[in-house]
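Here is a friendly briefing for anyone meeting this structure for the first time. Take a look at the sequence and the model, then read on.

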Amino acid sequence: MSRGEQSMVPEPEFESYYGKPILKQPTWKTPDVPLYLFLGGLAGGSALLAEGGALTGNHDLEKVGRLAAAAGATAGTVALVHDLGRPERFLNMLRVLRVTSPLSVGSFILAPFASLAGAAAASQVTGLLPRLGRFAGLGAAAFGPPLATYTAALVTNTAVPAWHEAYREMPFLFAGSGAQAAGGLAMVLVGSDQAAPARRMALAGAAVDLVAAERILHKGLVTEPYRIGMPGTLMKAARNATVAASVLNVVGGRRSRLVSALAGLTYIGASIATRFGVFEAGRASARDPKYVVIPQRERLAARQATRQAEEDRAGAAGKHAAGR
Amino acid sequence: MTTFFDRITERSFSGRLDDVQHDAGYDDHPPRKGFFTDTSVCIGCKACEVACKEWNEVPDDGYLLTGMSYDNTQALGASTWRHVAFIEKPLDVATTDLGMPGMGPPVPAHPGEDQGTESGGANDDAGVRWLMSSDVCKHCTHAGCLDVCPTGALFRTEFGTVVVQPDVCNGCGYCVTACPYGVIDIRKGDGRAFKCTLCYDRLKEDQTPACAQACPTESIQFGDLDELRERADQRLVELHERGVDVARLYGRDPEDGVGGDGAFFLLLDEPEVYGLPPDPVVPTRTIGSMWGHVGAAALTLAGLGAASFLGRRSS
């Protein structure tokens, strides 16, 4: 009952129940959840830029960062609530705190982040309570990096093979992608003379993103969904856009506002493509039983070989002792 | 009094766990209950599916004919808490395919208690082996669905089983992605997650779960997990002595990736043939490392953000 498409490498044989999936297809909706992954990264990174801007007297950057952090967190929360089967019960998320549930931990990151970022942005816009606003902004900056990266644990703490097997790299992919998106947005909205920190952040984020994505893509059969089909196209588009944006950024970002804005938009597009690519790769890997059966069979075989080797060693030692 | 922190750190996330109820916070509790499904005596009557639907008032989930086998249920799901799999596997003998193998009724070649053996003899060229198996939620020792539930809707009962509280579930769907067996699902039109409760209501009244009660061949056995494991071990020895080498237990080992199943099986072929994962692991087994990597990545992002402001001031 082996099934498989035409490919360069012969498909390993495996058995299944009429080719039916073993895992359930994730019920998370699109665009809600991939969009939330993007917005969390954007908001988290923006809170950092805002606080950096405040500390260095870069007020344009501070303002854009504060507004982006608040808007990203708000839109992200809406997407997350909309994804629920029973949206009116979204507050049940705060009923318990479970360290084994990244969604539970994440709710306790998103709730304070959204409140603090909202307060900081409100103070920024109205000019009211500036000291309190500054304090809220500092808090948002502290919750920003966890907000941008916990979503990696959200997708990897699952039985979905393409997500779970990338649990070491995914947080770095999401951190880099978030930095890239936040830096990119500031490059679009802030004059190029004020946007230098945003350009550096986007460039560094792009580097982290590229390395993490390459490592995920080279994990053999289990991450094949990132390389083929629609998610494969998205991941390739994300990589190419990241490289193109970084070239624009380095070559013309400082001199031309237009080039800087163009690079910024490309960074944002790359970050969105990465999130949708990751999401769709997971769905594809849950759909095909081969991604469950073959890696698990290999794991079993490896364990058996180890056990056999141990037994052989023990047996040889026993014989040796008996021979004396 | 145990503090919140103690409760988190004392809990075990993977590996062997002999008192799962105590781990979940029950000091005084009945023995752990479970199912032993011996597929070697399953006749595929689907009485378990029907009894489950009736007792638990589970709605229908479509009346489609699959055309692939006698199995029109196809898989476990939000509205299917017992699922009888039908496997028609051609035997490895040189036969002429006369078309439509497996569409006829199975002919018992060896009348006896064991199924899962060859059907057809001299006048049946199809050479088909029949396997039937009633699948169910495994009520894992380390349950992925329960670990990831952010609302506390999923909980461990005093019987060691795993149950969803529909009045708390907000339909986030995290449990669906976390089950290594693909059991739990969101019910369409309702929005909440549902799965087998091991008849929690009946257990509280000292009654046998509906599926086990209805099973005419005692393929589904209900009882204390310790006792079921002993019974299964004996049955395995018995089958091996009779030459049924293909018999194996699935989910019996308390050292496996989910710490052993509360509902385990005797199978006559590889697990994947029945649509079961060959080496399931609870995702949470690596939760420590996952949070470690998230922490490192968050620090990287914070450092990267700070470093971005260290360069020349452009203004």
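Helix α8 of chain A has a buried set made up of A:P231, A:L234, A:M235, A:A238, A:R239, A:A241, A:T242, A:A245, A:S246, A:L248 and A:N249. Here a residue is buried if 20 or more other C-beta atoms, placed from the backbone, lie within 10 Å of its own, exposed if 12 or fewer do, and partly exposed in between. This is a predicted model, in which local features need pLDDT of at least 70 and side-chain atom pairs count only at pLDDT 80 or more, while totals for chains, interfaces and linings use all residues. Residues are numbered from 1 along each chain as its sequence is written, and chains are lettered from A and ligands numbered from 1 in the order in which they are written.

**Helix α8 of chain A**
- The buried residues of α8(A) pack against α6, α7 and α9 (257–287) of chain A.
- Helices (H or I, at least four residues) and strands (E, at least two) are DSSP runs, numbered from the N terminus.
- The 24 residues of α8(A), 229–252, should span 34 Å at 1.5 Å a residue, and the end C-alpha atoms are 34 Å apart, which agrees; the expected span is 1.5 Å times one less than the number of residues.

**Where the chains meet**
- Chain A brings 69 residues to the contact and chain B brings 58 residues, with two residues in contact if their C-beta atoms, placed from the backbone, lie within 7 Å.
- On the side of chain A that touches chain B, two or more residues come from each of α1 (32–56), α3 (102–126), α4 (130–156), α6 (170–189), α7 (196–217) and α10 (290–323) of chain A.
- Of these, α4(A) gives the most, with 8 residues.

**The nonpolar core**
- The largest nonpolar core has 185 residues, and those with the most contacts inside it are A:A69, A:F113, A:A117, A:A140, A:A186, B:C145 and B:C175.
- Such a core is a set of buried Ala, Val, Leu, Ile, Met, Phe, Trp, Tyr and Cys residues joined through C-beta atoms within 7 Å.
- Leaving aside neighbours within four places in sequence, A:A186 is in contact with A:L49, A:L61, A:V64, A:G65, A:A195 and A:A198.

**Chain B overall**
- Chain B comes to 9 helices and 10 strands.
- Buried residues make up 48% of its 315 residues.

**Strands of chain B**
- Strand β3 (residues 128–136) of chain B is mostly covered, with 9 of its 9 residues buried.
- From β3(B), B:V128, B:W130, B:M132, B:S134 and B:V136 point one way, while B:R129, B:L131, B:S133 and B:D135 point the other way.
- Strand β2 (residues 82–90) of chain B pairs with β3(B) in the antiparallel sense over 9 bridges; two strands pair if DSSP finds at least two bridges between them.
- B:H83 stands opposite B:D135 in β3(B).
- Elsewhere in chain B, 4 strands form an open sheet with mixed pairing, in the order β8-β1-β10-β9.
- Its edge strands are β8 (220–224) and β9 (248–250) of chain B, each pairing on one side only.

**A closer look at B:Y200**
- B:Y200 lies in helix α6 (residues 200–204) of chain B.
- B:Y200 counts as partly exposed because it has 17 C-beta neighbours inside 10 Å.
- Leaving aside neighbours within four places in sequence, B:Y200 is in contact with B:T157, B:T161 and B:V163.
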